[in-house]
Amino acid sequence: MMTSLGDKGEGHRETTALLGNEDEGSVQTQTKVLNQGSWTQVSCPCCVSEQVEPLVLIQLSDNIQPVTKRWLISLIEVSERDGGAALLAHPGEDECGDVIVVSAPRCTLLRATEDLGLCKKYHNGDMVAFSYNDRDNFRNVDDMQEFLTLAERQYIVKYELDFLRAQKGQKIPGVPESQGVLKARENICQKLEKAGVIKDIFPLHDKQRLTDLCRNWYSGKQIWGQPLDSIQAYFGGTVGFYFSFLDFYTWALVPPAILGLVLTFLLPGGGSGAGVVKEQAGGVVEVDDSPSVSGHMVQAVFSMLWSTLVMEFWKRRSSSLSHRWGLLHLAERFAEPRPGFHGTLGINPVTGRLEPLFPEWQRQLRVGLVSVPLVGFFLGMVVLGMTGFYHGEALAQGFHQDSDSLFSGALLYLPSVAHIIYTNMLGNVYRTVAMQLTEWENHREESSFQNHHTTKVLLEADLAVASLTLTATREQGVEMSTPFMQTGIGFILSRDVGSEESHSLSFLFPFSTEMWVGILLAFLVTGLCIYLVSRISPCEWADPETDEHSFTLLHSFWYITGALTLQGAGPHPKGLSGRVISAIWWVFAVVLLACYFSNFNAMLRSDSKHVSVNNFEELAKQDVIDYGTVEGGSTFNFFKNSKNPTYRRIYQHMERKKSCVASVEEGNRRTQEGNYAFIGEAASLDLAVARYCNLIRSSELIAMRGYSIAAPLGKRLAAESTFTFFNYFAVLFHIAFYKQDLSLLRKRLASLLIVTQLVNQCTEVVVPFIVDRFFSAPQKKQQEDDPNVDKLRAQRSLPPFPGLFAEYIELLVQFGYLSLFSCVYPLTAVLLLLNNVTEIRADAYKICKLFRKPFSAPVSNIGVWQTAFEVLGFVSVMSNCWLLLLSPRVREFCLEGGISGRNIILFAILVEHVLILVKMILAFMIPDEPDWVRIKREQIEFHSMQALGQQKL
């Protein structure tokens, strides 16, 4: 079975040169790592080659039996007619090893190209759907390196392996009978993965091509432009379309960025600081630095039209790329059915192949009569569970207030625990039901299966979405997302009651004393470490013979001091060890400064200066200022159940004086009247301070807690994705439409854009660069001396590529910021543009250096994300219209014009409907594809019809 291909002694074999001039050196470099004589034999003379390109590696279990490996290799090399994959296999170093390297012969690649519906260049230069029977009329058909991209060749190998099916029932050699019995038509690779025989299947990097791509992509000095064709050729259509959309979207940010700069700095009252000064009751002066009425309207209308034009022109750009990359005529419905598809064996009336058949009307009947009602039933169970939770919590609160016993206090936790258990059980049942329903619906194409299952999974995320306090007990019962808010308990006072103190060291208030002591210790230890490693390193000695050391202790402290000011103060350490410590210190300095300025900004925004009563201990000791909280609320129960003497004294004072209030609004009102301190959660107190300028908040917060999104166990991604939208949009909508505080909304949006982007750039660029540059360097150097097969196996040490879900989510959030809220903060596009310029290179660096090469199926667009962006575009119309309605300047302008509130609302609704109509007209008038692409697509369809007619003749 294992024979040497291209042996000079076999004169009857004529080898065909399959290597183009451009890629010949690359392929020769790849093939040097394997013994060319160990590849399996090909039966077709046109597929014989002197050099075989390794494309995919199959990682087997460590205790694989040689007989099992030989059986799997025989299946890989056997023709499709005999139940094999018609591929080339290499056993690695020996037949007892734990790897199989797979490649594909010419005929297999060409037949799969036709099955996938890929378009290739015809002899006249046009893109035409490839036909195997007409293969001689296509350009470069004898040169697989030119005819197919690397990503396409590797996906075809995966495609053929996925559709390896057992011709009849049989036992897998070398595998226990309990795990190794194959049924007829059962997928072989899936069975081997379940049995533990196959551990992983992944495509191999081409080091030379990857180096060239990195040089042209992100290692150069160019700011704009990406080698999109090279990206698509190496990583495939999925990655190619993402970076194409990122590039297109970044360019599209230029017009709104220019408009934002004009409105902010050139238009009168644009928010550049020359705001309108208003005097409120009590002599409090408020500066309104929001854009003028004309600026609001211009920005809002532009954002709504911009969101429509961007997505419509992207459709045209996407169709152009699909034609250029030969993806305009994908034929998934004509390919082999997905591995889980089942039905009655018969002849496919379209393709003429023997395969399982399942009527479409039965599938639709199953979806409409079974799947939809069951999903609705589970949603009803969710509503029932939430209703029961709130009802049970009210009963527990009432029982505890009546009994006030230890038993009733313990019962307060019963509704939450019961709801968490109920949600977890319901989520587990629904997850199983969702998968079984989707499998039972029996979708033929993989994309259809994924779309239906994804819809159910998204509903499953909603099953358990709840804003819960993050506790260790709850983390054991459910998956908790990253906390979207950190808050605690504080109190607010009136400025007249709390006399403000002026401190010359107020710049130290953002951090606690313990934090400053820790920073000082880190500063001293880091400076000393850099000096010591530099002292040991010979790189730091100017002249070893004169014992002159060029990097002193003073230089070390001066250097890390410069890092704290983000300035590169010299001299710099020269040794590798000193540079690693310096890089870690720089990352620490960037994160530290981001946290400091974020806290300092929050302190200034909430005007939480030190007051005469600075903390709860001082509040409890004095009797001049009365204080209280919402009776029966969570803050009230915290003080009631606390064992701390100070907190118990506060509770006893509130009970004795009957100083609690019925609602937060009443507490804010009593605080404004004076001689009263309202105790509550910091989040609501900060909103009160932002709304009422005569209030100030204490600097001390107690009982810090985090709020998270809960999801069923094992569904961390569902929780995180829901958390992403909740974190970035729900809070902004709450401030805008519930609190109706546009000033706070503008500050919140600015903080999100600046702080989160600074942290993201640090985590996405600086940290991966340090890990790859310093910590992975010894491993890379060690691999140079490894055996040949180990160089291929070492690629598995990289983590698998996580997909582009998080990257698209980030762009979707950006798009939401700009289209939904940019009329409040016109500089949104400017900050997004600056972020995306570096985002392109950061994402390119990550996919090239930090992850394993992914398989990429041929796609013709960005898929469901197109719909998500378009939905946000329509939501932007309603958002911008109502933000205009809530703008203080617009309200003032309408009141001065004598327009009543009812007429203002009617006018806003009218404008909203008109703008939605304009968006729909624009979407209708702009074709989804250019005329020349439409003509090319119709030509492809006509040529395919002609080829089919000739084939029948």
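## Overall picture

Accessible areas here come from the Shrake-Rupley method with a 1.4 Å probe. On that basis, the accessible surface of the protein comes to about 46000 Å², and carbon and sulfur atoms hold 60% of it. Please keep in mind as you look around that this is a predicted model.

The protein has 953 residues, of which 48% count as buried. Its secondary structure includes 34 helices and 21 strands. Among contacts with a separation of 6 or more, 74% are between residues 24 or more positions apart.

## Helices α7 and α8

Let's start with a pair of helices. Helix α7 covers residues 207-217 and helix α8 covers residues 228-235. The two pack at an angle of about 150°, and their axes are 10 Å apart. Because angles over 145 degrees count as roughly antiparallel, α7 is described as roughly antiparallel to α8. Their crossing is left-handed.

On the α7 side, the contact is made by Arg209, Leu210, Leu213 and Trp217. They meet Ser230, Ile231, Tyr234 and Phe235 of α8. Sorted by class, this contact has 6 nonpolar residues, 1 polar and 1 charged.

## Helices α9 and α29

The next pair brings together separate stretches of the chain: helix α9 at residues 237-252 and helix α29 at residues 805-821. Here the packing angle is about 20°, with the axes 11 Å apart. That angle makes α9 roughly parallel to α29, and the crossing of α9 past α29 is left-handed.

Gln154 sits in helix α5, which spans residues 150-162. Is this glutamine buried or exposed? Its relative accessibility is 2%, so Gln154 counts as buried.

Who surrounds the residue? Setting aside neighbours within four places in sequence, Gln154 is in contact with Leu55, Val56, Pro203, Leu204, Lys853 and Phe855.

## Pro858 in a loop

Pro858 is placed in the loop that links α30 (828-850) to α31 (864-886). Which residues does Pro858 contact, leaving aside its neighbours within four places in sequence? They are Leu116, Leu118, Tyr155, Leu327 and Leu330.

Another pairing to look at is Pro858 with Glu152: these residues are 706 residues apart along the chain, yet their C-alpha atoms are separated by 7.6 Å.

## Two positive phi angles

Now for some backbone detail. Most residues other than glycine have a negative phi. Ala86 has a positive value, with phi near 55°. This alanine lies in the loop between α2 (66-77) and β2 (88-90). With a relative accessibility of 17%, Ala86 counts as buried, because buried means under 20%.

Asn140 also has a positive phi, near 55°. Its place is the loop between β5 (127-129) and α4 (144-147). Asn140 has a relative accessible area of 43%, so this asparagine is partly exposed.

Definitions and conventions. Residues are numbered from 1 along each chain as its sequence is written. This is a predicted model: local features need pLDDT of at least 70, side-chain atom pairs count only at pLDDT 80 or more; totals for chains, interfaces and linings use all residues. Side-chain values use heavy atoms; hydrogens and water are left out. Axes are lines fitted to C-alpha atoms, for helices over the stretch in contact, and angles run from 0 to 180 degrees between N-to-C directions. Helices (H or I, at least four residues) and strands (E, at least two) are DSSP runs, numbered from the N terminus. Angles under 35 degrees count as roughly parallel, over 145 as roughly antiparallel, 65 to 115 as roughly perpendicular and the rest as oblique. A crossing is left-handed if the near helix is turned anticlockwise from the far one by less than a right angle, and right-handed if clockwise. Buried means under 20% relative accessible area, exposed over 50%, partly exposed in between (1.4 Å probe, protein chains only). Contact means heavy atoms within 4.5 Å. Ala, Val, Leu, Ile, Met, Phe, Trp, Tyr, Cys and Pro count as nonpolar, Asp, Glu, Lys and Arg as charged, and the others, Gly among them, as polar.
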